[in-house]
Amino acid sequence: MTSARILGTGSFLPERVVSNAELALTVDTSDEWIVSRTGIRERRIVAAGETTCDLAERAARQALDAAGCLASDIDLVIVATTTPDRVFPGTACLLQERLGIHGPAAFDVQAVCTGFVYALGIAEKFIRTGSARRALVVGAETMSRIVDWKDRSTCVLFGDGAGAVVVGMSDEAGILSSHLHADGAYKELLTATGGVSSRGTGLHGGEGLITMRGNEVFRMAVTTLDALVGETLAANDLKQSDIRWLVPHQANIRIIAATAKRLGMAMDQVIVTVDRHGNTSAASIPLAFDAGVRDGRIQRGDVVLMEAFGGGFTWGSVLLRY
Ligand code: UT7
């Protein structure tokens, strides 16, 4: 049976590193508080004029190289982002143009931190049903543009970056299952208001910036991810010990550790980038996955669980054999 397999990965981070100590110069916080509550030590922030599509392009080109593919081989482009360059066209169309791809479907997915998992789940269905042969799936964000830099409870958490994968048709097992969920009843707990339809003219003094009831989000994330892991294992008739690598959304090391514990995994089976990247929303999983592939930890044939939870709430997992 045809399967959708990851053929290559790539990622890109903006040059500027912002440490916790630097943030402590502008808001009432400390390296000690940020590290102990979140695990974050630093994050990358885009330069003036640098956009989500700029990051996406760099990550996409690296993934194409790693897959040994030309842009002309790609017949589906999906970009998961909450921070698009324009209201429209979608960032996927902007990226497609930069890569010189003309004609195939290209669209954005907006599921905040779960965006990449949604995008990969969608790409898998296109490929498995024969609607696409090779998909470029990107998670790219410039969260720094919607962070309230005066709010210490959120500004220390987020960062910018992009990760990408090329997914292709294969006779070998690849993506084994995806599990996508959402519940909009929780929309107020983690949000950025000021959308064009409600405000009419985009961002206005404070509107459009991230607000979060962190503690409530934290508790929901831990219990929801616990159930999601159970659902994913059961759907594949697998045991905890069958999973070689956990590639989680990187929001908080304490949430990641709780999921690893649920899986009976040691932390050395978890790809952790939150310390260096912070929370890059839809970019965090492909950034972490690429890190694990490039440093040789994730090997061909390994069973990998990706999972995410974020604004919406949205949550989801992808289980795959790399
Ligand atoms: O990616 C999408 C999903 N997002 C998440 O999963 C994030 C989930 N939430 C979290 O990761 C955590 O809730 C946070 C890291 C955001 C906060 O950690 P917490 O342990 O839940 O802290 P808290 O919000 O309960 O705040 C504890 C204290 C408060 O002070 P009081 O009221 O106890 O005096 C805050 O005002 O910490 C204070 N505080 C800070 N202190 C220093 C909040 N932010 C900071 C800060 N520096 N940056």
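How many salt bridges does a search of the whole structure find? I looked this up and found 15 salt bridges, where a salt bridge is a side-chain nitrogen of Lys or Arg within 4 Å of a carboxyl oxygen of Asp or Glu.

**Entry 1: what I am looking at**

I noted that this is a predicted model, in which local features need pLDDT of at least 70 and side-chain atom pairs count only at pLDDT 80 or more, while totals for chains, interfaces and linings use all residues. Residues are numbered from 1 along each chain as its sequence is written, and side-chain values use heavy atoms, with hydrogens and water left out.

**Entry 2: salt bridges of Arg98**

I looked up Arg98 and found a salt bridge with Asp54, whose closest N and O atoms are 2.8 Å apart. Arg98 lies in helix α4 (residues 91-99) and Asp54 in helix α3 (residues 52-67), so this pair ties together parts that are 44 residues apart in sequence; helices here are DSSP runs of H or I with at least four residues, strands are runs of E with at least two, and both are numbered from the N terminus. Arg98 also meets Glu57 in a salt bridge, at 2.8 Å from N to O, and because Glu57 lies in helix α3, this pair ties together parts that are 41 residues apart in sequence.

I then checked accessibility, where buried means under 20% relative accessible area, exposed over 50%, and partly exposed in between (1.4 Å probe, protein chains only). Arg98 is partly exposed at 31% and Asp54 is partly exposed at 23%, whereas Glu57 is buried at 17%.

**Entry 3: another pair, and a network**

I found that the side chains of Arg213 and Glu216 meet in a salt bridge at 3.0 Å, N to O. Arg213 is partly exposed, with a relative accessible area of 42%, and Glu216 is partly exposed as well, with 31%. Salt bridges that share partners join Asp54, Glu57, Arg61 and Arg98 into one network.

Finally I listed contacts of Phe309 (heavy atoms within 4.5 Å): leaving out residues up to four places away in sequence, Phe309 touches residues including Cys113, Val217, Met220 and Trp315.
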